[in-house]
Amino acid sequence: MSVGQELLNTPFPEMVSKLAIAVAESQTKLDMNSTEVASYMGKQTISLPDLTKPENTKDYSLVAMGFLPTFYAVQEAEIEVKMAITMAKTTEKGGSASAKAGWGPFAASVNASYSSRYAYSQEGSSTLRVKLAPADPPLILQKYMEALTDKMAAKLQADIDKAAGPEDAPK
């Protein structure tokens with residue numbers, strides 16, 4: 001089957017539908033990856049010296065320390081199909097005095113002999129473009145992470161104030 005015919009045989013609604021489904025599946029995978037990263041960051045800890053007892057350490061989750069997973073969203077998706085089919089006027093002479101001339105489209109299988117004999121050429125190409133951009137995490141997850149970070153920041157600030165002593169406390 002020729003490239004041009006293959007492109008013509010694919011119905012436009014089917015291409016659009018397949019693109020939409022591919023975008024939806026891709027978005028789901030992006031979301032799943034981001035939630036896995038959020039879960040990892042919630043479980044992964046970092047050990048820091050205790051400000052009140054430097055010989056001890058405290059473990060903090062990456063989320064509690066303000067690390068946030070990156071979420072992405074498919075912003076745009078585009079299909080571009082280009083096709084060029086050219087035909088040329090041909091004249092074929094046989095061994096007798098008769099000659100055949102013709103102009104216009106006709107059906108024939110295309111091979112190297114046909115292409116060189118009838119000056120037939122075809123081209124086909126397609127392009128798929130998808131634009132990704134960072135996106136905010138789901139609102140409830142964002143609020144949870146902010147609340148956890150705020151709580152951790154208040155606790156750390158209390159530890160800093162306690163470690164600094166009354167003489168260094170803000171007035």
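# Reading a predicted model, feature by feature

Biologist: Let's start with Leu48: which strand does it lie in?

Modeller: Leu48 sits in strand β1, residues 45–49. Helices (H or I, at least four residues) and strands (E, at least two) are DSSP runs, numbered from the N terminus. Before we go on, this is a predicted model, where local features need pLDDT of at least 70 and side-chain atom pairs count only at pLDDT 80 or more, while totals for chains, interfaces and linings use all residues. Residues are numbered from 1 along each chain as its sequence is written, and side-chain values use heavy atoms, leaving out hydrogens and water.

Biologist: What does Leu48 touch, apart from residues up to four places away in sequence?

Modeller: Contact means heavy atoms within 4.5 Å. With those neighbours left out, Leu48 touches Asn56, Thr57, Lys58, Tyr60 and Met65. Asp59 is 11 residues from Leu48 in sequence, and their C-alpha atoms are 6.4 Å apart.

Biologist: Is Leu48 buried, partly exposed or exposed?

Modeller: Buried means under 20% relative accessible area, exposed over 50%, and partly exposed in between (1.4 Å probe, protein chains only). Leu48 has 27%, so it's partly exposed. Across the chain, buried residues make up 16% of the 171 residues.

Biologist: And how many helices and strands does the chain have?

Modeller: There are 4 helices and 6 strands. Starting at the N terminus, the elements run α-α-β-β-β-β-β-α-β-α. Take the contacts between residues at least 6 apart in sequence: 71% of them join residues at least 24 apart.

Biologist: Which residues of α2 are buried?

Modeller: They are Met15, Leu19, Gln27, Ser34, Ala38 and Met41. A handy general idea is that an α-helix has 3.6 residues a turn, so residues three or four places apart point the same way.

Biologist: Ser34 is in that group. What does its side chain reach?

Modeller: The Ser34 side chain reaches the backbone oxygen of Thr70 at 2.7 Å. That's a polar contact: a pair of N or O atoms within 3.5 Å, where within protein one must be able to donate a hydrogen and the other to accept it, and residues adjacent in sequence count only if both atoms are side-chain atoms. Ser34 has 1% relative accessibility, so it counts as buried. Beyond its neighbours within four places in sequence, Ser34 is in contact with Pro69, Thr70, Phe71 and Tyr72.

Biologist: What about Glu36: buried or exposed?

Modeller: Glu36, also found in helix α2, is exposed at 52% relative accessible area.

Biologist: Which residue pairs with Lys58?

Modeller: Asp159 does, with the closest N and O atoms 3.0 Å apart. Lys58 lies in strand β2 (57–61) and Asp159 in helix α4 (139–164), so the pair ties together parts 101 residues apart in sequence. Lys58 is partly exposed at 22%, and Asp159 is buried at 12%.

Biologist: Which residues make the nonpolar surface patch?

Modeller: Patches take residues with over 30% relative accessible area and no salt bridge; like charges are joined within 9 Å, nonpolar side chains (Val, Leu, Ile, Met, Phe, Trp, Tyr) within 5 Å. Here Tyr72, Ile79, Leu128, Val130 and Leu132 make a patch of about 440 Å². Strand β6 gives the most, with 3 residues. Leu128, in β6, is exposed at 56%.

Terms used: Accessible areas come from the Shrake-Rupley method with a 1.4 Å probe; for residues, only the protein chains shown count as cover. A salt bridge is a side-chain nitrogen of Lys or Arg within 4 Å of a carboxyl oxygen of Asp or Glu.
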